[in-house]
Amino acid sequence: MSNIAQGSHDDVLKIVGRAVLTLHVHGESLSADKVVSMIGCYAENAEQNQQPLFALAMEMMAAETLAQSA
């Protein structure tokens with residue numbers, strides 16, 4: 001894996017982890033839908049160059065939701 005791809009992968013994991021941790025700290029139940037919603041909140045305040053990472057994180061969690069419902 002290239003350094004760029006690895007860096008992006010790590011950043012996406014950090015985004016998802018931050019959303020999960022925030023939900024947990026506030027006593028919320030964890031679900032892919034809630035994580036996607038939290039990531040969306042963070043994306044609103046993110047810099048323009050980080051938007052693709054947030055979109056990828058949301059896409060990955062939405063795919064998880066679809067996989068669970070199938």
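The largest nonpolar core of the predicted model has 17 residues, and those with the most contacts inside it are Val 35, Ile 39, Phe 54 and Met 61. A nonpolar core is here a set of buried Ala, Val, Leu, Ile, Met, Phe, Trp, Tyr and Cys residues joined through side-chain atoms within 4.5 Å. Two or more residues are given to this core by each of helix H1 (3-25), helix H2 (32-45) and helix H3 (51-69). H2 provides the largest share, seven residues. Residues are numbered from 1 along each chain as its sequence is written, and side-chain values use heavy atoms, with hydrogens and water left out. As the model is predicted, local features need pLDDT of at least 70 and side-chain atom pairs count only at pLDDT 80 or more, whereas totals for chains, interfaces and linings use all residues.

The secondary structure comprises three helices and zero strands, and the pattern along the sequence is α-α-α. Helices (H or I, at least four residues) and strands (E, at least two) are DSSP runs, numbered from the N terminus. The chain averages a pLDDT of 86, and 86% of the residues score at least 70; pLDDT is the predictor's confidence in each residue, from 0 to 100. Confidence is highest in H2, at a mean of 94, and lowest in H3, at 84.

Of the 70 residues in the chain, 26% are buried; buried denotes under 20% relative accessible area, exposed over 50%, and partly exposed the range in between (1.4 Å probe, protein chains only). The chain exposes about 4900 Å², of which carbon and sulfur atoms supply 57%. These areas come from the Shrake-Rupley method with a 1.4 Å probe, and for residues only the protein chains shown count as cover. Among contacts with a separation of 6 or more, 42% link residues 24 or more positions apart, a contact being heavy atoms within 4.5 Å.

The buried residues of H2 are Ala 32, Val 35, Val 36, Met 38, Ile 39, Gly 40, Tyr 42 and Ala 43. Beyond four places in sequence, Val 35 touches Val 16, Ala 19, Val 20, Leu 23 and Met 61. Ala 32 counts as buried because its relative accessibility is 10%. The C-alpha atoms of Ala 32 and Met 61 are separated by 5.7 Å, although these residues lie 29 residues apart along the chain.

The loop between H2 and H3 contains Ala 46, a residue classed as buried at 17% relative accessibility. Apart from neighbours within four places in sequence, Ala 46 is in contact with Gln 51 and Phe 54.

One salt bridge is counted, the criterion being a side-chain nitrogen of Lys or Arg within 4 Å of a carboxyl oxygen of Asp or Glu. A salt bridge joins the side chains of Glu 28 and Lys 34, with an N to O distance of 3.2 Å. Glu 28 is partly exposed at 40% relative accessibility, and Lys 34 is partly exposed with a relative accessible area of 30%. In helix H3, Glu 64 is partly exposed at 38% relative accessibility.
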